[in-house]
Amino acid sequence: MGEVPVGAAVIVGGEIVSRAHNETVAHNDLTQHAELIAIQRALSTLDTDRLEEATLVVTLEPCAQCAGAIVLARVGRVIFGAYDPKAGMVGSVEDLLRHPKLNHRPEVRGGVRADECGELLSKFFANRRE
């Protein structure tokens, strides 16, 4: 589909309540990141404005936009695969999710299956350059 292969899921109580993938190309909208869509769907499905008991799982370290949405939605935990040294805001460039001045700081675990996630992204961009 030409989308950067980033996927996200929101899990509550051991069940996936939403899942998404990047849709920036499909909608010609750079805000349509997997994390943002998964969060929006979870909030709607659960009919709530907080995800304090939720875990967001994503293949790539969230960017500033997505980190902001994670904080605003009060997501309880974030697990991500590959670090993003160019735009990652959960430790690579900055760390918005654990910033001491913000009113919500989720539990974070990064680098989970990082090699697999990174390889998927590397192959995508290598194919795109060919």
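Author: Let's start with Pro-5, which touches Thr-59, Leu-120, Leu-121 and Phe-124, leaving aside residues up to four places away in sequence. Keep in mind that this is a predicted model. Pro-5 sits in the segment before strand 1, which runs 7–12. Is Pro-5 buried, partly exposed or exposed? Pro-5 is partly exposed, because its relative accessible area is 24% and buried would need under 20%. For a sense of distance, take Val-93: Pro-5 and Val-93 are 88 residues apart in sequence, and their C-alpha atoms are 21 Å apart in space.

Two of the residues that Pro-5 touches, Leu-121 and Phe-124, bring us to helix 4, residues 114–129. Leu-121 and Phe-124 are buried there, along with Cys-117. Why say that they line one face? Looking down the axis of helix 4, the buried residues fall within an arc of 55°, so one face of the helix is what they line. On the other side of helix 4, you'll find Asp-115, Asn-127 and Arg-129 exposed. As for what the buried residues of helix 4 pack against, that's strand 3 (54–60) and strand 4 (77–82). The length of helix 4 works out too: its 16 residues should span 22 Å at 1.5 Å a residue, and the end C-alpha atoms are 22 Å apart, so the two agree.

Now over to helix 2. Helix 2 has 13 residues and reaches 18 Å from first C-alpha to last, close to the 18 Å expected at 1.5 Å a residue. Its buried residues are Ala-34, Glu-35, Leu-36, Ile-37, Ala-38, Ile-39 and Ala-42. They pack against strand 1, strand 2 (15–21), strand 3 and helix 3. So how does helix 2 (residues 34–46) meet helix 3 (residues 64–72)? Their axes come within 9 Å and cross at roughly 20°. With that angle, helix 2 is roughly parallel to helix 3, because angles under 35 degrees count as roughly parallel. The crossing is left-handed. Helix 2 brings Glu-35, Leu-36 and Ile-39 to the contact, while helix 3 brings Gln-65, Cys-66, Ala-69 and Ile-70.

Asp-47 lies in the loop between helix 2 and strand 3, and Asp-47 is exposed, with a relative accessible area of 71%. Arg-74 also has a positive phi, about 55°, and is not a glycine. Arg-74 is in the loop between helix 3 and strand 4. Arg-74, though, is buried, because its relative accessible area of 18% falls under 20%.

On the other end of helix 2, the loop between helix 1 and helix 2 holds Asp-29. Asp-29 is partly exposed, at 27% relative accessible area. Asp-29 and Val-57 are 28 residues apart along the chain, with 22 Å between their C-alpha atoms. Asp-29 is also one of the residues that Thr-24 touches; the others are Glu-3, Leu-30, Gln-32 and His-33, again not counting residues up to four places away in sequence. Thr-24 itself belongs to helix 1, residues 24–27, and Thr-24 is buried, with a relative accessible area of 15%.

Conventions:
Residues are numbered from 1 along each chain as its sequence is written. This is a predicted model: local features need pLDDT of at least 70, side-chain atom pairs count only at pLDDT 80 or more; totals for chains, interfaces and linings use all residues. Side-chain values use heavy atoms; hydrogens and water are left out. Helices (H or I, at least four residues) and strands (E, at least two) are DSSP runs, numbered from the N terminus. The expected span of a helix is 1.5 Å times one less than its number of residues. Buried means under 20% relative accessible area, exposed over 50%, partly exposed in between (1.4 Å probe, protein chains only). The arc is that of the directions from the helix axis to the C-beta atoms. Contact means heavy atoms within 4.5 Å. Axes are lines fitted to C-alpha atoms, for helices over the stretch in contact, and angles run from 0 to 180 degrees between N-to-C directions. Angles under 35 degrees count as roughly parallel, over 145 as roughly antiparallel, 65 to 115 as roughly perpendicular and the rest as oblique. A crossing is left-handed if the near helix is turned anticlockwise from the far one by less than a right angle, and right-handed if clockwise.
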